[in-house]
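Reader: I have a model open and want to learn how to read it. Where do we start?

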Amino acid sequence: MDYQRVFNQAIDRLHAEGRYRVFIDILRNKGSFPNARCFAGHNGPKPITVWCSNDYLAMGQHPAVVTAMEDALHDVGAGSGGTRNIGGNTHYHIELEGELADLHGKQAALLFTSGYVSNDATLSTLAKILPGCIIFSDELNHASMIAGIRNSGCEKQVFRHNDLAHLEELLAAANPDAPKLIAFESVYSMDGDVAPIEAICDLSDKYNALTYIDEVHAVGMYGARGGGISERDAVADRVNIIEGTLGKAFGVMGGYIATDQTIVDVIRSYAPGFIFTTSLSPVLVAGALASVRHLKASSAERDGQQAAATRLKTMFADAGLPVMPSTTHIVPLMIGDPVKAKRISDILLAEYGVYVQPINYPTVPRGTERLRFTPGPAHDESMMRELTNALLEIWDRMELRLAA
Ligand SMILES: Cc1ncc(COP(=O)(O)O)c(C=O)c1O
């Protein structure tokens with residue numbers, strides 16, 4: 001076997017499809033979000049504006065978060081020193097789990113090293129524990145949920161995105177005695193639409209199913225205390241398991257579930273992805289704790305972010321740019337072609353100091369490649385005006401179509 005040739009062919013296929021990924025080499029400037037330095041090219045670093053960060057509220061630079069991390073570092077050092085069971089269970093972890101359980105009105109919470117791991121570990125373990133379990137999964141669920149469902153080895157039924165009639169059809173056709181789990185997201189982060197949580201919970205009641213919601217793009221962002229869409233819509237008590245990340249609106253790193261004590265006990269005791277890995281650094285946990293506490297008490301960041309997203313969507317639409325119909329803080333522009341999306345992104349970075357990553361397959365379906373903007377509270381109107389003008393110039397240069 002010519003290993004090198006096979007690997008090279010795999011990479012060549014990505015180039016041929018125009019979806020070979022290039023990671024941009026940047027450093028963010030603490031204290032002046034969304035400004036950063038870019039090291040691409042030979043005359044860097046050059047100043048850029050970041051338009052695609054999932055640190056939606058700039059909490060990764062918030063003084064309360066940075067100070068908490070500094071304090072923890074100087075108090076207990078860098079790493080946790082072990083798994084949660086062996087040496088890596090710190091007081092910070094316990095405090096943060098308490099804070100997250102309270103955020104979602106649940107009995108308990110459990111931390112993981114990322115949102116990806118929390119989905120994979122929880123879904124795969126839950127469905128293995130429930131004999132004959134069938135998982136009903138929204139077709140646009142994140143790769144980490146799909147991995148968890150696959151790793152559980154259980155039967156999977158995929159329902160059309162946010163399609164309640166299809167979900168009910170599948171539930172009704174399933175063995176009434178089989179354990180069932182409905183897995184879905186609240187904010188779908190590539191399109192910016194939202195699940196009908198209450199109606200899904202009505203179906204789960206009717207067909208005696210458990211519900212599992214990924215609120216990764218909603219925690220910190222929605223609800224009076226940042227508990228997500230389930231808090232905003234006052235349905236958190238109807239969802240069995242709420243999963244979230246500490247790496248996006250909370251600005252740090254890590255993932256979690258919030259649910260009842262028994263389910264936490266089961267996952268903590270049976271999930272390999274929780275058991276056999278070094279726990280999060282106490283420095284990260286201290287930062288996340290400060291962030292969650294801050295966003296429970298302050299809505300200023302959420303309000304500023306929502307206002308920025310609304311303003312940018314309006315500007316794009318007024319300019320005739322193909323902004324997708326998002327009802328949330330996500331502002332996607334449909335390009336529909338991986339090569340063009342990459343080209344626009346490259347020009348924006350090289351000529352306008354605008355950093356927005358093209359989103360291509362498999363993150364989104366082929367033919368729906370897009371640029372995904374995530375304006376934050378600090379993206380002001382003049383930055384948005386410059387961005388819109390830059391896009392219009394590029395649209396003109398590449399002879400792309402504008403809406404009338
Ligand atoms: C919907 C969704 N769930 C889970 C994850 C994984 O979260 P994390 O980045 O904390 O691993 C992501 C990450 O982009 C996501 O978009």
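**Reading the sheets, helices and ligand site**

Author: An open sheet of four strands has mixed pairing and the order 1-2-3-14. At its edges are strand 1 (26–28) and strand 14 (354–355), each of which pairs on one side only. This is a predicted model: local features need pLDDT of at least 70, side-chain atom pairs count only at pLDDT 80 or more, and totals for chains, interfaces and linings use all residues. Residues are numbered from 1 along each chain as its sequence is written, and side-chain values use heavy atoms, with hydrogens and water left out.

Reader: What counts as a strand, and what counts as a pair?

Author: Strands pair through backbone hydrogen bonds, either parallel or antiparallel. Strands (E, at least two residues) and helices (H or I, at least four) are DSSP runs, numbered from the N terminus. Two strands pair if DSSP finds at least two bridges between them. Here, strand 3 (residues 46–50) and strand 14 pair in the parallel sense over two bridges. Val50 stands opposite Tyr355 in strand 14.

Reader: What is the strand order in the open sheet of seven strands?

Author: The order is 4-12-11-10-7-5-6, again with mixed pairing. Strand 4 (108–112) and strand 6 (155–159) stand at the edges with a single partner strand each, so one side of each has no neighbour in the sheet. On average, neighbouring strands of this sheet are turned by 20 degrees against each other, direction ignored. Inside the order, strand 7 (residues 180–185) and strand 10 (residues 210–214) pair in the parallel sense over five bridges. Ala183 has Tyr212 as its bridge partner in strand 10.

Reader: Which strands does helix 4 lie across?

Author: Helix 4 (residues 115–129) lies across strands 4, 5 (134–138), 7, 10, 11 (241–245) and 12 (255–259). Contact means heavy atoms within 4.5 Å. Helix 4 runs at about 155 degrees to strand 11. Axes are lines fitted to C-alpha atoms, for helices over the stretch in contact, and angles run from 0 to 180 degrees between N-to-C directions. Helix 5 (residues 143–152) lies across strands 5, 6, 7 and 10, at about 160 degrees to strand 7.

Reader: How do I read a helix pair?

Author: Two packed helices are described by the angle between their axes and the distance between the axes. Helix 2 (residues 63–76) and helix 11 (residues 282–297) pack at about 150 degrees, with axes 8 Å apart. Residues making the contact include Ala68 and Leu73 of helix 2, and Ala286 and Gly287 of helix 11.

Reader: Which residues are around the ligand?

Author: A residue is near a molecule if one of its heavy atoms lies within 4 Å of it. Among them here are Ser114, Tyr116, His142, Glu185, Asp214, His217 and Lys248. A polar contact is a pair of N or O atoms within 3.5 Å. A backbone N or O atom of Tyr116 lies 2.8 Å from a ligand oxygen atom. A side-chain N or O atom of Asp214 is 2.6 Å from a ligand nitrogen atom. For His217, a polar side-chain atom lies 2.6 Å from an oxygen atom of the ligand.

Reader: Where should I check the backbone?

Author: Most residues other than glycine have a negative phi, and most peptide bonds are trans. The Phe33 to Pro34 bond is cis, with omega near 5 degrees. Pro34 is in the loop between strand 1 and strand 2 (35–38). Tyr361 and Pro362 are also joined by a cis peptide bond, with omega about 10 degrees. Ala234 has a positive phi, near 55 degrees, and sits in the loop between helix 8 (229–232) and strand 11.

Methods: A polar contact is a pair of N or O atoms within 3.5 Å; within protein, one must be able to donate a hydrogen and the other to accept it, and residues adjacent in sequence count only if both atoms are side-chain atoms.
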